[in-house]
Amino acid sequence: MTTTTPTAAVPTAGPSRPPGRTARARVSSHRGTRWAAIAFVTPLVIYLVLFYAYPLVQNVLMSLHRYDRASFVNGGAPFVGLDIYREVIGQSRFWRVVGQTATFTVVSIVVQYTVGLALATFFQRSFRLSSTLRAMFLVPWLLPVIVSGTTWQWMMNPDNGVLNSLLGVFGVDSVWWLNSQNALMSVTIANIWLGIPFNLVILYSGLQNIPGELYEAAAIDGAGRWRQFVSITLPLLRPVSLITVLLGVVYTLKVVDIIWIMTMGTGSSQTLATWSYGMAFGKGASSVIKYSEASAVGSILLVVALAFGLVYIAVQRRQED
């Protein structure tokens, strides 16, 4: 009698995939990913070209040609190179407006950042109704600018405005807030009120990212609140502060709405932005439309904003190094 020993079945390998097919599959997958990325990026590129690049190039071209009403509609404006820039910069009015723009921007940024940082530090402590009060400070940011400008215009009315009524309680004479001499101060106050919520939100978010253990260790070492603020808060808040100040400067340089609503850019409240707007549409102090001059002033504003952006990039790289 013979016995047979069962043998285990040896698994056989399936049909091997040719190396060429695997490579083609990888190439096809890579192409699919690339086309998907292009499909997502294309709408953004089209938007940037249509609404940013094209208007920017058109503005520069208009500043290099002398346009009037007829040539603006029918074309054929003569090329004059940098003559428009020389004429604009050569005016004494230009440097006066530059000084007013610098004053409006610097005062607004300094006060907005200082008050915003103070409020952000205050709200960093948890107490009852802190979230409610913080939300109330965001109201100026949420209101339409036309509502804010009209409200400030009414408050600064020399006859029945709230501010003069408040000053009268303390025996102070009425102030003509919106006349040609005090207009810059008035629009600066309104712009500061509008910009404080932005600084509060950004700086408060930056404070939340600072570890609380650092303050506890500093307190154990005997550092007071002011020393903690100088040695911990300010250095660690520097990156957030830089981007906050940069965005504030760029936004303040191009402010037109609040100034135009309150004073129409007349007197000392005229800035480069309102001057350019008035010349482009024949509004305010400029009753004659000057397309080329308006484009030149707009290009100068763009160069200034770009310079601040380059300074920010340089400072940021130095910090990273």
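**A tryptophan and its surroundings**

A: Trp-193 is partly exposed, with a relative accessible area of 30%. The model is predicted, so local features need pLDDT of at least 70 and side-chain atom pairs count only at pLDDT 80 or more, while totals for chains, interfaces and linings use all residues. Residues are numbered from 1 along each chain as its sequence is written, and side-chain values use heavy atoms, leaving out hydrogens and water.

Begin at the surface. Trp-193 belongs to a nonpolar patch there, together with Phe-122, Phe-127, Leu-129, Leu-133, Met-136, Val-139, Leu-143, Ile-146 and Val-147. Together these residues have about 870 Å² of accessible area. Such areas come from the Shrake-Rupley method with a 1.4 Å probe; for residues, only the protein chains shown count as cover. Patches are made of residues with over 30% relative accessible area and no salt bridge; like charges are joined within 9 Å, and nonpolar side chains (Val, Leu, Ile, Met, Phe, Trp, Tyr) within 5 Å. Two elements, α5 (130-136) and α7, each give two or more residues to the patch. Helices are DSSP runs (H or I, at least four residues), as are strands (E, at least two), and numbering starts at the N terminus. Val-139 sits in helix α6. Val-139 is partly exposed, at 39% relative accessible area.

Now look at the rings. The whole structure holds 11 aromatic pairs. Rings of Phe, Tyr and Trp (its six-membered ring) pair if their centres lie within 6.5 Å; planes under 30 degrees apart are stacked, over 60 edge-to-face, and the rest tilted. Trp-141 and Phe-198 have ring centres 5.8 Å apart and planes at 75°, so this pair is edge-to-face. Trp-141 lies in helix α6 (residues 139-142) and Phe-198 in helix α9 (residues 183-208), so the pair ties together parts 57 residues apart in sequence. Trp-141 is partly exposed at 42% relative accessible area. Phe-198 is also partly exposed, at 21%.

Trp-152 and Trp-193 form an edge-to-face pair, 5.8 Å centre to centre, with 70° between the planes. Trp-152 lies in helix α7 (residues 145-155) and Trp-193 in helix α9, so the pair ties together parts 41 residues apart in sequence. Elsewhere, ring pairs link Tyr-47, Phe-51 and Tyr-52 into a cluster.

The largest nonpolar core has 21 residues. A core is a set of buried Ala, Val, Leu, Ile, Met, Phe, Trp, Tyr and Cys residues joined through side-chain atoms within 4.5 Å. Those with the most contacts inside the largest core are Val-88, Phe-94, Leu-272, Trp-275 and Val-297. Two or more residues come from each of α3 (83-89), α4 (92-123), α12 (238-253), α14 (272-281) and α15 (291-320). The largest share, 5 residues, is from α15. Phe-94 touches Val-88, Ile-89, Leu-272, Trp-275 and Ile-300, not counting residues up to four places away in sequence. A contact means heavy atoms within 4.5 Å. Another core lies apart, with 17 residues, including Ile-192, Ile-196, Tyr-215 and Leu-237.

Charged pairs come next. The structure holds 2 salt bridges. A salt bridge is a side-chain nitrogen of Lys or Arg within 4 Å of a carboxyl oxygen of Asp or Glu. One joins Glu-87 to Arg-66, with the closest N and O atoms 2.8 Å apart. This pair links distant parts of the chain: Glu-87 is in helix α3, and Arg-66 is in the loop between α1 (19-63) and α2 (69-74), 21 residues apart. Arg-86 forms a salt bridge with Asp-83, at 2.7 Å between the closest N and O atoms. Both Arg-86 and Asp-83 lie in helix α3, 3 residues apart, about one turn of the helix. Arg-86 is exposed, at 55%.

Finally, step back. The chain has 15 helices and 0 strands. Of its 321 residues, 32% count as buried.

Conventions:
Buried < 20%, exposed > 50% of the residue type's maximum accessible area, 1.4 Å probe, protein only.
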